[in-house]
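The sequence and the three-dimensional model are shown first, and the description follows.

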Amino acid sequence: MRLIFASLLLGGLLLPGAQADGDPDAGKYKAQTCMGCHGTPGYSNVYPTYHVPKLGGQHAEYIVAALKAYAAKQRAHKTMHANAESLSEQDMADIAAYFAGFE
Ligand code: HEC
């Protein structure tokens with residue numbers, strides 16, 4: 001019985017993108033504004049038309065690192081500055097956990 005529990009726990013930890021501090025359910029709600037750009041078919045903005053990186057299936061750690069870099073203006077992109085600035089660390093973790101969880 002203890003062995004089963006241990007392997008379940010281990011399996012959970014080994015899931016790609018699983019992060020202890022990110023809650024994908026909260027992230028789904030918080031990511032709604034992001035989906036207008038990052039969730040479109042073909043991953044391009046409708047108007048003006050430009051390419052947007054695909055976030056689904058991306059590693060949670062990568063997404064958090066990118067958001068922090070935009071918020072700190074280490075990455076240059078006006079749109080993403082505006083989006084990242086308003087997020088708390090918890091928001092970033094939740095959103096990252098959500099995007100990491102789907103294709
Ligand atoms: C108006 C469109 C738009 C919205 C809304 C938007 N983004 Fe972005 N996002 C972009 C574009 C365009 C880029 C590419 C910027 C660049 O070249 O650095 C980008 C880049 C990113 C990246 C880096 C991806 C990579 O592969 O390096 C992340 C992470 C990201 N966005 C997360 C978010 C999150 C989270 C939200 C919601 C809080 C959001 N974005 C909202 C347009 C948008």
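## Overall architecture

What percentage of the 103 residues of the chain count as buried? The share is 30%, where buried means under 20% relative accessible area, exposed means over 50%, and partly exposed lies in between (1.4 Å probe, protein chains only). The accessible surface of the chain comes to about 7,100 Å², a value from the Shrake-Rupley method with a 1.4 Å probe, in which, for residues, only the protein chains shown count as cover. Carbon and sulfur atoms account for 62% of that surface.

The model is predicted, so local features need pLDDT of at least 70 and side-chain atom pairs count only at pLDDT 80 or more, whereas totals for chains, interfaces and linings use all residues. Residues are numbered from 1 along each chain as its sequence is written, and side-chain values use heavy atoms, with hydrogens and water left out.

The secondary structure consists of 6 helices and 0 strands, and the elements run α-α-α-α-α-α from the N terminus on. Helices (H or I, at least four residues) and strands (E, at least two) are DSSP runs, numbered from the N terminus. Of the contacts in the chain with a separation of 6 or more, 59% are between residues 24 or more positions apart; contact means heavy atoms within 4.5 Å.

## The iron site

The iron atom of the ligand has His-38 (NE2) and Met-80 (SD) as its protein donors, at 1.9 to 2.1 Å. Donors are N, O and S atoms within 2.8 Å of the metal (3.2 Å for Na, K and Ca); water is not among the atoms, so sites may look incomplete. His-38 belongs to helix H3 (residues 32–38) and Met-80 to helix H5 (residues 78–85), so the pair ties together parts that are 42 residues apart in sequence. His-38 is buried at 11% relative accessibility, and Met-80 is buried at 14%.

The site is octahedral, with angles of 85 to 178° among its 6 donor atoms. Six donors count as octahedral if opposite donors are over 155 degrees apart and all others between 65 and 115. Ideal angles for six octahedral donors are 90 or 180 degrees.

## Salt bridges

The structure holds 4 salt bridges, each defined as a side-chain nitrogen of Lys or Arg within 4 Å of a carboxyl oxygen of Asp or Glu. One of them joins Lys-30 and Asp-91 at 2.9 Å, N to O. This pair links distant parts of the chain, with Lys-30 in helix H2 (residues 24–30) and Asp-91 in helix H6 (residues 89–100), 61 residues apart. Lys-30 also meets Asp-94 in a salt bridge of 2.8 Å, N to O. Because Lys-30 lies in helix H2 and Asp-94 in helix H6, this pair ties together parts that are 64 residues apart in sequence. Lys-30 is partly exposed at 28%, while Asp-91 is buried at 18% and Asp-94 is buried at 3% relative accessibility.

Glu-89 and Lys-68 form another salt bridge, at 3.7 Å, N to O. Glu-89 lies in helix H6 and Lys-68 in helix H4 (residues 60–71), so parts that are 21 residues apart in sequence are tied together. Glu-89 is exposed at 58%, and Lys-68 is partly exposed at 36%.

## Val-64 and its contacts

Val-64 is located in helix H4 and is buried, with a relative accessible area of 14%. Leaving aside neighbours within four places in sequence, Val-64 is in contact with Met-92, Ala-93 and Ala-96. The C-alpha atoms of Val-64 and Ala-93 are separated by 6.3 Å, although these residues are 29 residues apart along the chain.

How values were computed:
Four donors count as tetrahedral if all angles lie between 85 and 135 degrees; four count as square planar and six as octahedral if opposite donors are over 155 degrees apart and all others between 65 and 115; anything else is irregular.
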